[in-house]
Amino acid sequence: CLSSVPFFYLKRLERDAHPVIIAPILCRHLGRSVSDQETGLLLMRELGKTKAAETAVRVLRCLREQGLEINSRIMSTALYACSTVSASVQALQLFGEMADCHADMDTFSYNVAISACERGENWRQAVQFLCDMADRRVETDGITFSSAVSACDKGGEWQQALQVLGDMVKAAVEQNNISCSAAISACAKGGEWRKAVRLLREMRDSRIQMNTVTYSAAIRACGKAGAWIRVSHLLREMADSHVAKNSITCGSAISACEQGGQWIHAMQILQSMENDCIAIESITCGAAISACEKCGEWRQALKLFARVSACKVELDTITYNAAISACEKGAEWRQAFQLLADMADSHVEMDAYTCNSALSACQKDGEWRWALRLLGEMVNLRVERDNISYCAAVSACEAGREWSNALHLLREMGEACVGKTTTVCSAAVSACEKGGKWEEALQLLGNMAADQLEMNTITYTAAALSCTGAGKWQEILMILDTMALNSVEMNAFTFGASVCAFEGGGQWLRALQFTGMMLETICYSHRRETQEETLFGLPACAALV
């Protein structure tokens, strides 16, 4: 038993044996008595070597129950055993016990506690410990402040992170790469890219070594703001300083290009990743594809997707969404449905954005049958159908002159408690117009008014056109009066529909009146455009000269 093991034997175990072997031996004697503090300290030291946090806490409790006086050295050694990533709870527990028994807490003790707060994303407690150190006049070091700044970074508190970094200077503690990188990362999370770049510049002026992590944090900050020009400068600076790029660096840079609409730069960065043998992740591919798609380069987006698929990069929902959105821009509904099938075969989860993009592709090509099929399949896929889904499906029915299906979808929206919008109702009115159903179109106008939905020029014009085909000039007069009452402007189609209806109904005086109004409106618009050109264009500049 442990009580019968001489102290010199434990010292020999400590000197000659491996900690992994010693720790289990010592743990078997937890129920035995420990005669003195030196033996207890040795026991804790062995457990500290293996970072057996849970065991250290149990041993400490056992020693206290046996009546052994626990001094600061034993507590600090036990705290060292808890200085691991997975032992933040035990570390804070022990630190609290040290404070309760008024044990001497040194820099190491506080550093372990603040590091535990960092791992637990408890920035408030980390800052409080930092204040306690100042009150107790405990010396701080680089580890203290770096851990505190990292805790603020993980907690998304960029202002507090900069405050702690400033306190580091006031305490005459030299800033290091870890503390500055954490502060830059905090600024990135807070959308403060200018502050992140300024910190990077201060690091350069202070000759603090900047590595991949530092630059990646700054590029991530700029990437979130779409500051792609600044990102290009930072990438060039990394190359000049011989700092290696990694997947995070390049991914953030491509995201900046995506937001800045720079698809060519995004493709160049992706090519450099291949040349430098940097692992390309699915989120990076998705950003590059999205950059092409947002710039209208849907063909390039689909080519890139095919290339990435051939490289056996694991594709996720975001990557597929970017590709399907590119299909929508190009009205390539067949390609969109092929990608949906690939997602199903690869067991990649679909979301509302996935299906809505495919529905929009159907809408642009008038493929109402496929749109209705996908809308129904969304129920089986357990994907929520929103007003965007229904709007795309109703618009597809409009393009296919399927007024009955459009009205059915509107009723379905009401049953599913999906809020109707002006856009989806206007598409349904237009579907009725194309199907020659003027009564249904006017009924929809009445429903929109009852639901207090705003009706715009497109809505009223579609209803007016439906009445024109049926020769219902009286109804058109009602529509025009409602437009005037609600201060909705008429366009050329509204005027044209009205004139045609009046002509068909033998209302030649009204037809002449509206023709004159239309010409007057056109002349007024032309004069206004001319005045704007004179005010902001070349003639005004010439006059100033």
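Is Arg382 buried or exposed? Arg382 counts as exposed, at 80% relative accessibility. Exposed means over 50% relative accessible area, buried under 20%, and partly exposed in between, with a 1.4 Å probe and protein chains only.

The model is predicted: local features need pLDDT of at least 70, side-chain atom pairs count only at pLDDT 80 or more, and totals for chains, interfaces and linings use all residues. Residues are numbered from 1 along each chain as its sequence is written, and side-chain values use heavy atoms, with hydrogens and water left out.

Start with the whole chain. It holds 31 helices and zero strands. Both are DSSP runs, numbered from the N terminus: helices are H or I with at least four residues, strands are E with at least two. The chain has 545 residues, and 47% of them count as buried. Take the contacts in the chain with a separation of 6 or more: residues 24 or more positions apart account for 63% of them. A contact means heavy atoms within 4.5 Å.

Now turn to helix packing. Two packed helices are described by the angle between their axes and the distance between the axes. The axes are lines fitted to C-alpha atoms, for helices over the stretch in contact, and angles run from 0 to 180 degrees between N-to-C directions.

Helix α17 (residues 282-294) packs with helix α15 (residues 247-260) at an angle of about 15°, and their axes are 8 Å apart. That makes α15 roughly parallel to α17. Angles under 35 degrees count as roughly parallel, over 145 as roughly antiparallel, 65 to 115 as roughly perpendicular and the rest as oblique. The crossing of α15 and α17 is left-handed. In a left-handed crossing the near helix is turned anticlockwise from the far one by less than a right angle; in a right-handed one it is turned clockwise. From α15, Ser247, Gly251, Ile254, Ser255 and Glu258 take part. They meet Thr284, Ala287, Ala288, Ser290, Ala291 and Lys294 of α17. By class, this contact has four nonpolar, five polar and two charged residues. Ala, Val, Leu, Ile, Met, Phe, Trp, Tyr, Cys and Pro count as nonpolar; Asp, Glu, Lys and Arg as charged; the others, Gly among them, as polar.

Helix α17 also packs with helix α18 (residues 298-310), at about 160° and with axes 7 Å apart. That makes α17 roughly antiparallel to α18. Their crossing is right-handed. Here Cys285, Ala288, Ile289, Cys292 and Glu293 of α17 meet Trp298, Gln300, Ala301, Leu304, Phe305 and Val308 of α18. The contact of α17 with α18 has nine nonpolar residues, one polar and one charged.

Go back to α15, which also holds Gly260. Gly260 is partly exposed, at 28% relative accessibility. Leaving out residues up to four places away in sequence, Gly260 touches Gly226 and Trp228. Its C-alpha atom is 8.6 Å from that of Ala225, 35 residues away along the chain.

Next, two loops. Ala172 lies between α10 (158-170) and α11 (177-189). Its phi is near 60°, a positive value in a residue other than glycine. Ala172 is exposed, at 71% relative accessible area. Arg382, from the opening, sits in the loop between α22 (368-380) and α23 (387-399). Arg382 is not a glycine either, and its phi is positive, near 60°.

Last, the cysteines. Cys117 is buried at 1% relative accessible area. Cys355 is buried at 0%. The structure holds zero disulfides (pairs of cysteine sulfur atoms within 2.5 Å).
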